[in-house]
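Reader: I have a model open and would like to talk it through with you. Could you take me around it piece by piece?

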Amino acid sequence: MAIDTNVLASTARLPLERLAAFVRRECAAPSPLTGIGGTVRDVSRSVIAVRGMSHSAKLGDGVLMRCGDKLHRGEVIRVAESHVLVKPFDDRVVPVLGAPVFPDGTLRIAPSPEWKGRVIDALCSPLDGKGPLVPGGEQMPADRPPPAAMQRARVAKALRTGVNVIDIFAPMCFGQRLGIFAGSGVGKSTLLAMMTKAADFDTVVLALTGERGREVRDMLEDTMAGKLEKTVTVVATSDESPMMRRLAPNTATAIAEYFRDRGENVLLIVDSVTRFAHAAREVAIAAEEPPVSRGYPPGVFSQLPRLLERAGPGREGGGTITGIYSVLVDGDDHNDPVSDAIRGTLDGHIVLERGIAAQGRFPAVDIPASVSRLAQHGWTSEQKKLVTQLRGLIARFEETRDLRAIGAYQPGNDAFLDQAVTLVPKIYEAMQQTPDTPVSTDPYNDLAAALRGKESV
């Protein structure tokens, strides 16, 4: 009996075609899937173990995991000989054992000027209901290295924040990185809101990391009212996964770098970098890093300067990123490991004290403890001399507070202390501001006028 070779060939192709169709269907995804994939071996609430990718995956690589009929993004956080550990960006994702996992490369974003006025998440998906984002012409990684130290421009041009106590006692410059250190409920977010009134920036990038969900619209519709058309907001609220909270400041910084490279002066606000550290701690512990300092693994202390160093001046002739980072001080301990590491990296720090806030003085800035390392660019020689004298008066006033409270102070015995007791309360009153206070055009003249007026009464 003769065998029809055409029928035989057609029959042999059927399984291959079905297999190819299955692979195409399984690999359908919003981004190209290349390389050798793997399968889920172990599932826990904190991490997912995947086998079959150990010899091709690298730390930080993105993956797509099949969960039901959808693909969910994750990141490789540990590579072992028999498996890799993957942390999903959505911690509600629970794939079944044996579910396929596909490599997806490192996360890249493509900012464009059309992103101004938009609210997005850490993965650059829109949250404001205004339609999809228009991608730019160039993709860049969310975690970029900063410009080389010898290729960066120097910081020299002063700026006005609109907050008198900062503009006088800790003036800032374009390209400076400043931290606002405070415990919870002392006024960090309010002070940040006041500092956004600075009108000399071309673009504002706002990263709300680990904040309360109800505060997002308050911040945008009240604090940033009138500035939204030049603001890009990246949101990762406290209920989102640690991967999203860790990624949000990096995404915001990458967007700021894009506008800086276009020659713009960018204001980058991260509220708060402490919650970025908390998220990085959760990811590092899931990757089996041992905690070494108050529960923080060593990887956290390498990620902090890598994030903070990305802000600052760009290359010569380019734009700048002025970074303002709020730092939540755990337990009001300003020397906790995260606060200490951040303070040592930044170009200055503003300290808010709960005791000052309890007195009803806002902003609750501890003037002697607040420092700007670039203040010399914001002062004239006369202003520097004046501020030095005022700081001395305030320091003397504060260090003798207990003595005066018990009646041990007698006027006439110490002329410098007498002057401090007379002037410092007037300085404190003149420095008080609220978000509704009009921005001062010359804080030094306003302070001098307030002191003269008080003295003449």
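This is a predicted model: local features need pLDDT of at least 70, side-chain atom pairs count only at pLDDT 80 or more; totals for chains, interfaces and linings use all residues.

Reader: Which strands does β12 pair with, and in what sense?

Author: The pairing of β12 (residues 177-182) with strand β17 (residues 320-328) is parallel and runs over six bridges, while its pairing with strand β18 (residues 348-351) is also in the parallel sense, over three bridges.

Reader: And is β12 buried or exposed?

Author: Six of the six residues of β12 are buried, so the strand is largely enclosed by the rest of the structure. Arg177, Gly179 and Phe181 point one way and Leu178, Ile180 and Ala182 the other, with buried residues in both directions. In a regular strand, side chains alternate between the two faces of the sheet.

Reader: Let me step back to the whole chain. How many helices and strands are there?

Author: The protein chain has 13 helices and 19 strands, and its C-alpha trace spans about 125 × 40 × 40 Å along the principal axes. Of its 457 residues, 50% are buried. Among contacts between residues at least 6 apart in sequence, 72% join residues that are at least 24 apart.

Reader: Where does the pLDDT stay under 50?

Author: Across the protein chain pLDDT averages 88, and 91% of the residues score at least 70, but there are stretches that need caution. Over residues 7-14 the value stays under 50, and the model has zero contacts there beyond four places in sequence. Residues 21-34 also stay under 50, although for that stretch the model has 19 contacts beyond four places in sequence.

Reader: Back to strands, then. Which strands make up the closed barrel?

Author: The closed barrel has six strands in the order β1-β2-β5-β4-β3-β6, with antiparallel pairing. From one strand to the next the twist averages 45°.

Reader: What joins β4 to its neighbours there?

Author: Strand β3 (residues 62-67) and strand β4 (residues 70-79) run antiparallel and are joined by six bridges, with Glu75 of β4 as the bridge partner of Gly62. β4 and β5 also run antiparallel, joined by five bridges, and a hairpin connects the two strands through four residues. Within that pairing, Val76 stands opposite Val86 in β5.

Reader: Which residues touch the most other members of the largest nonpolar core?

Author: Those are Phe169, Met195 and Ile350, in a core of 54 residues. Helix α12 (residues 415-431) gives the most to this core, with six residues.

Reader: What does Phe169 contact?

Author: Leaving aside neighbours within four places in sequence, the contacts of Phe169 include Ile367, Trp379, Val387, Leu390 and Arg391, as well as Ile394, Ile427 and Met431.

Reader: Changing topic, how many disulfides are there?

Author: A search of the whole structure finds zero disulfides.

Reader: Where is Ser272, and what does it touch?

Author: Ser272 is found in the loop between β15 (265-271) and α6 (273-286), and it counts as buried because its relative accessibility is 0%. Beyond its neighbours within four places in sequence, Ser272 is in contact with Thr209, Glu211, Ser326 and Leu328.

Reader: And what about Gln383, where does that lie?

Author: Gln383 lies in helix α10 (residues 381-399) and is partly exposed, with a relative accessible area of 21%. Not counting residues up to four places away in sequence, Gln383 touches Gly378 and Tyr444. The C-alpha atoms of Gln383 and Gly331 are separated by 36 Å, with the two residues 52 apart along the chain.

Terms used. Residues are numbered from 1 along each chain as its sequence is written. Side-chain values use heavy atoms; hydrogens and water are left out. Buried means under 20% relative accessible area, exposed over 50%, partly exposed in between (1.4 Å probe, protein chains only). Two strands pair if DSSP finds at least two bridges between them. pLDDT is the predictor's confidence in each residue, from 0 to 100. Contact means heavy atoms within 4.5 Å. A nonpolar core is a set of buried Ala, Val, Leu, Ile, Met, Phe, Trp, Tyr and Cys residues joined through side-chain atoms within 4.5 Å. A disulfide is a pair of cysteine sulfur atoms within 2.5 Å. Axes are lines fitted to C-alpha atoms, for helices over the stretch in contact, and angles run from 0 to 180 degrees between N-to-C directions.
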